[in-house]
Amino acid sequence: MASKITVRAPSSTANLGPGFDVFGLAVDAFFDEVTLTKKKSGISIVTEDDIPTNPDNNTAGLVIKNMIKKFKIKDGIEIKIKKGVPAGFGMGSSAASAAATVIAFDKMYELKLDENMLVEFAGSGEKASAGSIHYDNVAASVLGGFVIVRTNPLNVIKIEPPMNLRMCIAVPKLKVPEKKTKVSRGVLPKKVRLIDSITNLSNAAAIVAGFMKKDPKLIGDSIKDVIIEPARQHMIPGFAKVKENALKAGAFGVTISGAGPSVIAFSKSSADLKKISLAMSKGFASANTKCQTVICKPSKGALVIKK
Ligand code: HSE
């Protein structure tokens with residue numbers, strides 16, 4: 001058994017519009033790295049990034065605590081975390097750390113857990129930052145590709161995305177509230193109109209069909225959400241303009257990435273992706289907000305990079 005192991009896990013975008021808490025897509029925009037090292041006793045966190053180092057308040061720390069307890073492991077573990085995924089911007093930052101940690105632990109102790117178990121443990125760590133458990137980001141970050149999350153019992157379905165699917169992500173330079181996901185879930189309606197749920201359901205079904213048929217246009221065209229996006233968009237300065245600009249520049253569909261404030265446009269490799277990115281930057285600029293843009297593609301899941 002290895003006594004030290006490093007795993008890299010990708011960023012992810014959750015929801016894809018109408019698939020709130022159900023859809024996730026791993027994207028190669030950013031990566032987190034987690035190195036686990038066995039030690040005599042205790043759990044410690046080592047990092048140069050601005051994240052909690054108390055294991056009870058840290059995604060990776062919670063994952064390790066839960067797994068050590070479940071599998072009755074006697075060792076102590078040092079968790080070294082190198083963040084690449086910006087925290088609090090709707091890019092699955094805490095999920096990436098949780099995913100990398102679960103895969104590292106599974107490999108270190110040769111547990112050979114099945115996919116649903118891996119996702120379940122990664123989700124248990126997410127509680128540290130989101131306040132509630134939802135598996136869309138962790139499932140994508142653990143397994144890679146496009147995922148559909150069913151709960152009670154947890155059952156994750158993975159679909160290989162089309163090779164030519166591309167995304168332009170605009171990450172606005174904003175000060176995000178602490179516990180941002182909790183805040184942005186607080187603005188959501190408790191009840192929805194039947195007509196709106198039908199619209200979202202039909203679009204969500206079409207997104208799945210788009211992934212099955214490997215059709216980026218069908219995926220993008222179906223990224224239309226009449227429930228969550230209208231409730232959250234006021235939290236993103238310039239959102240309407242960013243979306244309008246990206247669509248005018250040729251994007252197939254545009255929505256909030258996860259709980260925001262990043263905005264994601266869906267397109268294909270042969271499109272003018274730089275033009276779409278620039279159009280999104282201009283949209284944010286119209287609201288006096290700077291942003292970082294990244295052109296990316298679907299990613300594989302968490303992988304061991306050093307042993
Ligand atoms: N589905 C979640 C949300 C993702 O939109 O609140 C956030 O991590």
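Start at aspartate 21: a polar side-chain atom of this residue lies 2.5 Å from a nitrogen atom of the ligand. Next select arginine 185, where a polar side-chain atom is 2.7 Å from a ligand oxygen atom, and arginine 232, with a side-chain N or O atom 2.8 Å from an oxygen atom of the ligand. The protein covers 94% of the 260 Å² of accessible area that the ligand has on its own (Shrake-Rupley method, 1.4 Å probe).

The model is predicted: local features need pLDDT of at least 70, side-chain atom pairs count only at pLDDT 80 or more, and totals for chains, interfaces and linings use all residues. Numbering runs from 1 along each chain as its sequence is written, and side-chain values use heavy atoms, without hydrogens and water.

Now select the residues around the ligand, among them Ala14, His134, Asp136, Thr181 and Gly258 (a heavy atom within 4 Å). By class this shell has 3 nonpolar, 5 polar and 4 charged residues. Colour α4 (136–143) and α5 (180–186), which each supply at least two residues of the shell. Domain 1 (4–160 + 299–306) and domain 2 (165–296) both contribute to the shell, so the ligand lies between them.

Last, go to the cavity. The structure holds 1 of 30 Å³ or more (on a 1 Å grid over the protein atoms alone, points where a 1.4 Å probe fits but cannot get out; lining residues have an atom within 4 Å of a point). The largest cavity has a volume of about 50 Å³. Its lining includes Asn15, Phe20, Asp225, Arg232 and Thr255. The largest share of that lining, 3 residues, comes from α8.

Terms used:
1 Å grid on protein atoms, 1.4 Å probe; cavity = no way out; pocket = protein on both sides within 12 Å on 5 of 7 lines; lining within 4 Å. Points joined across faces, edges and corners; volume = space filled by probe spheres on them. Helix = DSSP H or I, 4+ residues; strand = E, 2+ residues; numbered from the N terminus. Polar contact = N/O pair within 3.5 Å; in protein donor to acceptor, adjacent residues only side chain to side chain. Nonpolar A, V, L, I, M, F, W, Y, C, P; charged D, E, K, R; others polar. Domains from an automatic or database assignment.
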